[in-house]
Amino acid sequence: MKIIILCKRQPQQKDLWETPYGRFYYLAKHLAEHGNEVHLMLLNYRRESEFQASRDGITWYSINLLPNPFKFYLSAKQIAMRIDADWIVGFSDTYFGIAAQSLAKRLKKRSLIDAYDNYESYLPYLFPLHWLWRRALKNSSAITAAGPGLLNLMCAGETKPQTAVIEMCADPNFTPGSRAASRETLGLPANEKIVAYSGSLYQSRGVSELFALICMLSASNPEIQWVISGRIEPRLKLPSNVHHLGYI
């Protein structure tokens, strides 16, 4: 099959081209390794040289957002028509799912929308964007998500012909190090029980549920040490028994 993937070049503040990593890269690589023709189109939010290159069995494209924000969509349309794509896939943010479904509808192709997070929570009051996202999900050929709860949220009661959970996992190149050395490096107690959370803490992401869990478990297991890393919303107050490592 011939597959075009629309994706942000810098999801989660990392560069997919310079340092291939994570869900977006490995899903594309996996599809290429199984005999599919994969075109990975990256929208670059920085002003850098645009390019087309081949690597890891994938044809890569980097297209800048500015000065023409429509160039990315038009380029994807041209490539989809040129290769007669079978699937158009939207990764990494609301906009790419909307664009993938819209393009697939125009070209009478199949579309897939993948998500690793609840993107609607990022801009909770931007209702027109939410409506476009919901319409894209409803009309897409398939939906994949990082977990069953997220998948249910994305489907929102609609019966989808194809859905699947593709879980997040450790990078294949990750090698566990010394537990004792890691604790010493991070300034954590060597022999205490530790529960850790890694990720941004914002009210819109349901952080109150995490804090309620910490309070509940701390009441019955006061020996647990709670450790959090990631960005914190200004003026958000952490529970008193939480050690924050900052953004790593």
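Mentor: Start with helix α3, residues 94-107, and helix α4, residues 127-139. Their axes come within 9 Å and cross at roughly 50°. The crossing of the two is left-handed. Keep in mind that this is a predicted model.

Now look at the residues that touch. From α3 come Thr94, Tyr95, Gly97, Ile98 and Gln101. From α4 come Leu129, Leu132, Trp133, Ala136 and Asn139. By type, the contact of α3 with α4 divides into 6 nonpolar and 4 polar residues. No charged residue takes part in this contact.

Next, the sheet. Strands of a sheet pair through backbone hydrogen bonds, either parallel or antiparallel. Here 8 strands form an open sheet with mixed pairing. Read across it, the order is β3-β4-β2-β1-β5-β6-β7-β8. The edges are β3 (51-55) and β8 (163-165), and each of these pairs on one side only. Neighbouring strands are turned by 20° against each other on average, with direction ignored.

Strand β7, residues 142-145, is joined to β8 by 3 bridges. These two strands run parallel. Within this pair, isoleucine 143 stands opposite threonine 163 of β8.

Conventions
Residues numbered from 1 in each chain as written. Predicted model: local features only at pLDDT ≥ 70, side-chain atom pairs only at ≥ 80, totals over all residues. Heavy atoms only, no water. Axes fitted to C-alpha atoms, helices over the stretch in contact; angles between N-to-C directions. Helix = DSSP H or I, 4+ residues; strand = E, 2+ residues; numbered from the N terminus. Left-handed = near helix turned anticlockwise from the far one by under 90°. Contact = heavy atoms within 4.5 Å. Nonpolar A, V, L, I, M, F, W, Y, C, P; charged D, E, K, R; others polar. Pairing = 2+ DSSP bridges.
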